[in-house]
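Open your viewer and get your selection tool ready. We will go from stop to stop, and at each one you will hear what to select and what is there.

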Amino acid sequence: MEWAVVRSLAGRDRGELFFVVGVEEPYLLLCDGKHRRLSAPKRKKRRHTEPAGAYARKLDRQTPVTDNEIRRALAAFRAQSRRV
C-alpha cells in the first residue's frame, strides 16, 4: 500500500491527494510534500480515504525520497488525471 495515491474524503483536506508513506493500523500515514512533509506525515483513518488509482513505482526505491519528489509526482498525477 505504500506509495499509493489516495484522496481524502473527510476533514479540512477533503479532496486533496496524498501519498501513503506508511501504515499504522487503523491509520494511514499520508504525505503531500508541501503541507504534510515526510518528517511529519498526517495520520488519517483508512475509511476516510479512497484510492486514486495510482502507484508510484518511481518513488518505491532504496534511496531516500524527498518532499520535492513527492510534490512533483503528485503534480504529474493531477495533470494526467485532468487529461483523461
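Which residues line the largest pocket? Select Asp13, Glu16, Phe18, Asp32, Lys34, His35, Arg36, Lys42, Arg71, Leu74 and Arg78, and you have its lining on screen. A pocket here is an open set of points on a 1 Å grid over the protein atoms alone, where a 1.4 Å probe fits, with protein on both sides within 12 Å along at least five of seven lines; lining residues have an atom within 4 Å of a point.

A note before going on: this is a predicted model, in which local features need pLDDT of at least 70 and side-chain atom pairs count only at pLDDT 80 or more, while totals for chains, interfaces and linings use all residues. Residues are numbered from 1 along each chain as its sequence is written, and side-chain values use heavy atoms, with hydrogens and water left out.

**The pocket**

The volume of this pocket is about 250 Å³, taken as the space filled by probe spheres set on the points. Colour its lining by residue class and you will find 8 charged, 1 polar and 2 nonpolar residues. Now select helix α1, residues 67-83: with 3 residues, this helix gives the largest share of the lining. Helices (H or I, at least four residues) and strands (E, at least two) are DSSP runs.

**The sheet**

Next, show the strands. Five of them make an open, antiparallel sheet in the order β4-β3-β2-β1-β5; two strands pair if DSSP finds at least two bridges between them. At the edges are β4 (42-45) and β5 (49-55), each with a single partner strand, so one side of each has no neighbour in the sheet. From one strand to the next, the twist averages 45°.

Start with β3, residues 27-31, which is joined to antiparallel β4 by 4 bridges. Pick Leu29 and look for its bridge partner in β4, Arg43.

Move on to β1, residues 4-8. Here 4 of the 5 residues are buried (under 20% relative accessible area), so this strand is largely enclosed by the rest of the structure. β1 runs antiparallel to β5, with 5 bridges between them, and antiparallel to β2 (residues 17-24), with 3 bridges. Select Arg7 to see both pairings: Glu50 is its bridge partner in β5, and Leu17 stands opposite Arg7 in β2.

**Last stop: Thr49**

Finish on Thr49, which lies in strand β5. Thr49 is buried, at a relative accessible area of 10%. Its side chain reaches the backbone oxygen of Arg46 at 2.9 Å.

Technical notes
Nonpolar A, V, L, I, M, F, W, Y, C, P; charged D, E, K, R; others polar. Axes fitted to C-alpha atoms, helices over the stretch in contact; angles between N-to-C directions. Buried < 20%, exposed > 50% of the residue type's maximum accessible area, 1.4 Å probe, protein only. Polar contact = N/O pair within 3.5 Å; in protein donor to acceptor, adjacent residues only side chain to side chain.
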